[in-house]
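Please keep the sequence and the model at hand while reading.

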Amino acid sequence: MHVGPMEPNSFPYSLCISAMKDLETLVEVAAQHYFGDNKKWNFIAVTEATKVLVRLILFRNSGYKMLLHGGETPNIEKHSDVSSSQHNVGGFPRPGFRHGPNGLNPWNLEGRALSALSRFGENARMSSDPVWLHRAEHQQAIMEPPSLTASAIERPTLSMILSEKGVQGALFLMGEVLFIIRPLIYVLFIRKYGIRSWIPWFVSLAVDAGGVVFLTQVTKSRDGGKEQRYHLTASEQDELKRRKLLWALYLMRDPFFTKYTRQRLQRTEKLLEPVPIIGLLTAKIVELVVGAQTRYTYMSGS
């Protein structure tokens, strides 16, 4: 039996976000060509605001789950505490769920095999003995998992998260919202202060760091133990690591790139220039890095 997500989204948010990221590149090139370097940020800010709106809607409709790759990858993996709640009531196993008639778990491989053999033998004897039909129906009722009520699969709301998780839930929400709005904040500050100013660079870094710190804080072990305050799935833990790695992109963003990174690259190019083949490859790599930096680095990781 295959169980789908709690509430599948009819709108393809992931596809929409991916399309908007590609469209943003086209908007930047066209705006720069027709309106110049300064006015292009007005159009980029509009596209970033649209992406933020779509991501916030996706964040809400997904039950306030962490966005994977900015929402381009659906987060359908269930949390361990949610799945365990389906097996337990008040911390105790549900009656008839953990073990089958032979004391076996009906949901592991051995339990399913024995159950299939048992049903096969029962079906062969049903036609001659009606008592077996009643017994088979009783066993099937035991083997089937209890149907989840509407409240068990209800999508978490903002008030539910804040009431159940408390401060940890609030920090998680703040960290995720900061990650979502960070690109828009960065573009708005560039639009006001210019790409060469340190203010947009530092503000964007502070928002990025604040979001990761909030998310890291809520996932720390409680009192040094193994129990986490806020459980993350394996894909969400990978996403948190990915966001930390994205901090390296600040080395490629102006004004840091112009004042520090580019100078180091040029020194390395001059140092290796006399070396055959290696010098040529280094020059090409530096040329590619500089060319890639002049466009789109502000939106990388958004």
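The points below concern a predicted model and are grouped by topic.

**Annotated spans**

- According to an unreviewed UniProt entry, the annotation "transmembrane region" covers residues 170-189 and 201-219.
- In the model, residues 170-189 are 100% helix and 0% strand, with the end C-alpha atoms 26 Å apart.
- Residues 201-219 are 95% helix and 0% strand, and their end C-alpha atoms lie 27 Å apart.

**Helix α7**

- Helix α7 spans residues 198-218. It has 21 residues and reaches 30 Å from its first C-alpha to its last, close to the 30 Å expected at 1.5 Å a residue.
- At the start of α7, the backbone nitrogen of isoleucine 199 has a side-chain oxygen of serine 197 within 3.2 Å.
- The buried residues of α7 include Pro200, Ser204, Val207, Gly210, Gly211 and Leu215. The buried residues of this helix pack against α6 (167-193), α8 and α9.
- Aspartate 208 also belongs to α7, and it counts as buried because its relative accessibility is 13%, under the 20% cut-off. Leaving aside residues up to four places away in sequence, aspartate 208 touches Arg182, Trp247 and Tyr250.
- Glutamine 217, another residue of α7, counts as partly exposed at 31% relative accessibility.

**Aromatic rings**

- A search of the whole structure finds 12 aromatic pairs. One of them is formed by tryptophan 201 and phenylalanine 256, which are stacked at 5.6 Å centre to centre with 5 degrees between the planes.
- Tryptophan 201 lies in helix α7 and phenylalanine 256 in helix α9, so this pair ties together parts that are 55 residues apart in sequence. Tryptophan 201 counts as buried, with 8% relative accessibility.
- Phenylalanine 256 also pairs with tyrosine 260; this pair is tilted, at 5.1 Å centre to centre and 40 degrees between the planes. Both residues lie in helix α9, four residues apart, about one turn of the helix.
- Tyrosine 260 counts as partly exposed, at 46% relative accessibility.
- Ring pairs link Trp198, Trp201, Phe202, Tyr250, Phe256 and Tyr260 into a cluster.

**Charges over rings**

- The charged end of arginine 253 sits over the ring of tyrosine 250, at 4.6 Å from its centre.
- Arginine 243 lies over the face of phenylalanine 179, and its distance from the ring centre is 3.7 Å.

**Backbone features**

- Most residues other than glycine have a negative phi, and most peptide bonds are trans.
- Tyrosine 64 has a positive phi, near 60 degrees, and is placed in the loop between α1 (13-61) and α2 (80-87). At 14% relative accessibility, tyrosine 64 counts as buried.
- Histidine 69 lies in the loop between α1 and α2, and its phi is also positive, near 55 degrees. At 39% relative accessibility, histidine 69 counts as partly exposed.
- Aspartate 254 and proline 255 are joined by a cis peptide bond, with omega about 5 degrees. Proline 255 is in the loop between α8 (234-245) and α9 (256-272).

Notes
Residues are numbered from 1 along each chain as its sequence is written. This is a predicted model: local features need pLDDT of at least 70, side-chain atom pairs count only at pLDDT 80 or more; totals for chains, interfaces and linings use all residues. Side-chain values use heavy atoms; hydrogens and water are left out. UniProt positions are given in the numbering used here, feature names are shortened, and annotations may be inferred rather than shown by experiment. Helices (H or I, at least four residues) and strands (E, at least two) are DSSP runs, numbered from the N terminus. Buried means under 20% relative accessible area, exposed over 50%, partly exposed in between (1.4 Å probe, protein chains only). Contact means heavy atoms within 4.5 Å. The expected span of a helix is 1.5 Å times one less than its number of residues. A polar contact is a pair of N or O atoms within 3.5 Å; within protein, one must be able to donate a hydrogen and the other to accept it, and residues adjacent in sequence count only if both atoms are side-chain atoms. Rings of Phe, Tyr and Trp (its six-membered ring) pair if their centres lie within 6.5 Å; planes under 30 degrees apart count as stacked, over 60 as edge-to-face and the rest as tilted. A charge sits over a ring if NZ of Lys or CZ of Arg is within 6 Å of the ring centre and within 35 degrees of the ring normal.
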